[in-house]
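Good morning, and thank you for coming.

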Amino acid sequence: MRRFPITRLVLAVLLGTALGGCAPSAHSGAGHRGGGGAAARHRFERAEEWAPRFEDPLRDQWQRPDEVIAALALKADARIADIGAATGYFPVRLARALPAAKVWGVDVEPSMVEYLRKRAKDEALGNLEAVLGTPEDPKIAGPVDLVLLVDTYHHLDDRVTYFRRLAPVFAKGGRLAVIDFRPDSKMGPEHKLAPEKVSEELVKAGYALVQDHPFLPEQYFLVFEAVR
């Protein structure tokens with residue numbers, strides 16, 4: 001397994017999955033690191049207590065997971081890493097939609113990893129692996145065809161450096177998909193990043209914007225490729 005070092009992240013980096021219908025304060029309490037400086041670390045130690053919020057069926061109305069997966073146009077045997085897996089909202093759906101694919105759901109919270117591991121077993125998803133990452137290393141096995149970050153990008157510390165170091169994990173033609181709340185959304189964290197800011201940073205990190213999907217009502221959905 002290839003492992004690559006990444007910059008130091010707050011605990012919430014790998015726990016960035018959107019909170020269905022959450023108030024901004026609930027999400028921003030996870031430890032925002034928008035402009036540097038220390039941030040409070042929000043622990044998610046009891047996954048079973050968070051699951052009703054993360055997996056709320058009402059979330060489907062605005063997250064539109066089936067449309068997101070369709071828009072990604074993944075090959076049947078794709079290798080996919082979801083950084084910020086939590087209880088598995090997207091990893092489980094990806095594993096179901098692509099049974100020949102390999103999906104990694106990464107999280108730094110042991111409770112979340114154990115929850116997702118048990119969920120994969122209970123739902124007979126042999127192609128889904130829960131991975132316990134660390135703030136320094138998500139332990140992604142490369143090469144991968146897609147790295148997905150849902151409501152996680154804005155938590156990253158020193159994002160340009162982070163994504164420069166991430167680049168070697170991608171297979172040829174591999175993509176990075178960033179989904180996060182638009183600044184005008186009433187959902188999500190208090191401090192939101194504009195999509196233009198995300199693009200600016202990722203261009204500096206050596207990526208090119210290849211798709212901008214406008215169909216999500218509360219979030220932007222940007223897809224990038226590493227420039228080799």
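Predicted model: local features only at pLDDT ≥ 70, side-chain atom pairs only at ≥ 80, totals over all residues.

Which residues of helix 4 are buried? In this helix, residues 65–72, they are Pro65, Val68, Ile69, Ala71 and Leu72. Around the axis they span an arc of only 160 degrees, and therefore they lie on the same side of helix 4. Asp66 and Ala70, on the other side of the helix, are exposed. After helix 4 comes Ala73, which has a positive phi, near 45 degrees.

I now turn to the aromatic rings. A pair of such rings is described by the distance of the centres and the angle of the planes. With ring centres required to lie within 6.5 Å, the model has 7 aromatic pairs. In one of them, Tyr89 and Phe90, the centres are 5.3 Å apart and the planes stand at 75 degrees; because an angle over 60 counts as edge-to-face, this pair is edge-to-face. Tyr89 and Phe90 are both buried.

The charged end of Arg59 sits over its ring, 3.7 Å from the centre, and Arg93 lies over the face of Tyr89 at 3.8 Å from the ring centre.

Finally, Tyr153, Tyr162, Phe163, Phe170 and Tyr207 make up one aromatic cluster. Of these, Phe163 and Tyr207 are both buried.

Thank you for your attention.

How values were computed
Residues numbered from 1 in each chain as written. Heavy atoms only, no water. Phe/Tyr/Trp six-rings, centres within 6.5 Å; stacked < 30°, edge-to-face > 60°. Buried < 20%, exposed > 50% of the residue type's maximum accessible area, 1.4 Å probe, protein only. Lys NZ or Arg CZ within 6 Å of the ring centre and 35° of its normal. Helix = DSSP H or I, 4+ residues; strand = E, 2+ residues; numbered from the N terminus. Arc of directions from axis to C-beta.
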